[in-house]
Amino acid sequence: ALAAQVRTFDGHGRTSDGHAVPLLANIGKPDGAQAAADAGAEGVGLFRTEFCFLDRTQAPSIEEQVSQYRQVLAAFPGKKVVVRTLDAGADKPLPFLTNTEEPNPALGVRGLRTSWRNPQVLEDQLDAIAQAAAAESADTWVMAPMVATVEETADFVDRCTAHGLRTAGVMVEVPSAALVSGPILARAAFASIGTNDLTQYAMASDRMLGDLAALSTSWQPAVLHLVAATCRGGEQNGKPVGVCGEAAADPALAVVLVGLGVATLSMSPRALADVAAVLQTVTREECTRLAGVALAAETADGARAAVRAELPVLE
Ligand code: PEP
Ligand code: MG
């Protein structure tokens, strides 16, 4: 039924009662930025900078980084663009930064952890992001991947502040970060939940293994409880929590996420129109009620079925 009423996204995500839910794009390389803007994205919720440098054996120069980041910021004048620092490792090894010999790369020195050994790579990247931000009019936010603790958050925010980057946040994609999101969000300006990794780590199921697909879904009530915990941390501190994992691209799950307190949804640009269309059929209060329905389910299939049954537009 959804496909039968395909419309284009008008660039304003909202519920039927007018509660705004900015719908943002996930992008990799700069050439995806204009396409995301053309698809109506209200900004970028996740710029995966590591995709710019996947094949490199040497770290990119600051100048090269500035030029790549400026291309992305330039596609969103006056709009929010969340730049994620290099999430190297596991499924995205960067030859200049990660050790591919680790026995458990998903649990290894990846994401922000690479800065323990190689702080200069992070410093140079923050320098490049700051220069790009100063040269363009986009509202540039910065966030770190794979944050697990309050100390990591404080260290990252301090480094960003030293570079003049005032809106510094963290991804919540490690269950520990969801559970201590209160003190994390006392320090960070925002959080963005990476449901792909949050699900992988909560369920101990490799996100790359199709055999584990039944476990690796963000409809798992355990994952939804972690999302709810993160939103509570945001509420306690008056800080916004977004979602930038694949869960945001599932229209029924997007409704649940909004009901759990998620402020923005970031997704692959092709998902924007469907998510916008389903959100427009529910009030914010209905989102809250459907979030309760999902949290009360005992299984992922049960949560999905119960929520979908109450969204006639998806029948
Ligand atoms: C995630 O983990 O959900 C996420 C958005 O980051 P990535 O998919 O790049 O690991
Ligand atoms: Mg991730």
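Tutor: Let us begin with a definition: a residue is buried if 20 or more other C-beta atoms lie within 10 Å of its own, and exposed if 12 or fewer do. Please note that this is a predicted model.

Student: Which residues of α12 are exposed?
Tutor: Glu285, Gly292 and Ala296 are exposed in α12.

Student: And which ones are buried there?
Tutor: The buried residues of α12 include Cys287, Leu290, Ala291 and Ala294. They lie on the same side of the helix, because they cover an arc of only 110 degrees around the axis.

Student: What do the buried residues of α12 pack against?
Tutor: They pack against α9 (221-237), α10 (251-260) and α13 (300-309).

Student: How far apart are the end C-alpha atoms of α12?
Tutor: They are 19 Å apart, which agrees with the 18 Å that the 13 residues should span at 1.5 Å a residue.

Student: New topic: which residues does UniProt list for "binding site"?
Tutor: The unreviewed UniProt entry lists Glu173 and Asp197. They are spread over 25 residues of sequence, yet they cluster in space, with a largest C-alpha distance of 5.2 Å.

Student: Where is Glu173, and is it buried or exposed?
Tutor: Glu173 sits in the loop between β5 (168-172) and α6 (175-179). It has 28 C-beta neighbours inside 10 Å, so it counts as buried.

Student: What about Asp197, buried or exposed?
Tutor: Asp197 belongs to helix α8 (residues 195-203). It counts as buried because it has 24 C-beta neighbours inside 10 Å. Asp197 is also among the residues that Glu173 touches.

How values were computed
Residues numbered from 1 in each chain as written. Chains lettered and ligands numbered in written order. Predicted model: local features only at pLDDT ≥ 70, side-chain atom pairs only at ≥ 80, totals over all residues. Helix = DSSP H or I, 4+ residues; strand = E, 2+ residues; numbered from the N terminus. Expected span 1.5 Å × (residues − 1). Arc of directions from axis to C-beta. Contact = placed C-beta atoms within 7 Å. UniProt positions renumbered as here; feature names shortened; annotations may be inferred. Lists of a residue's contacts leave out its neighbours within four places in sequence.
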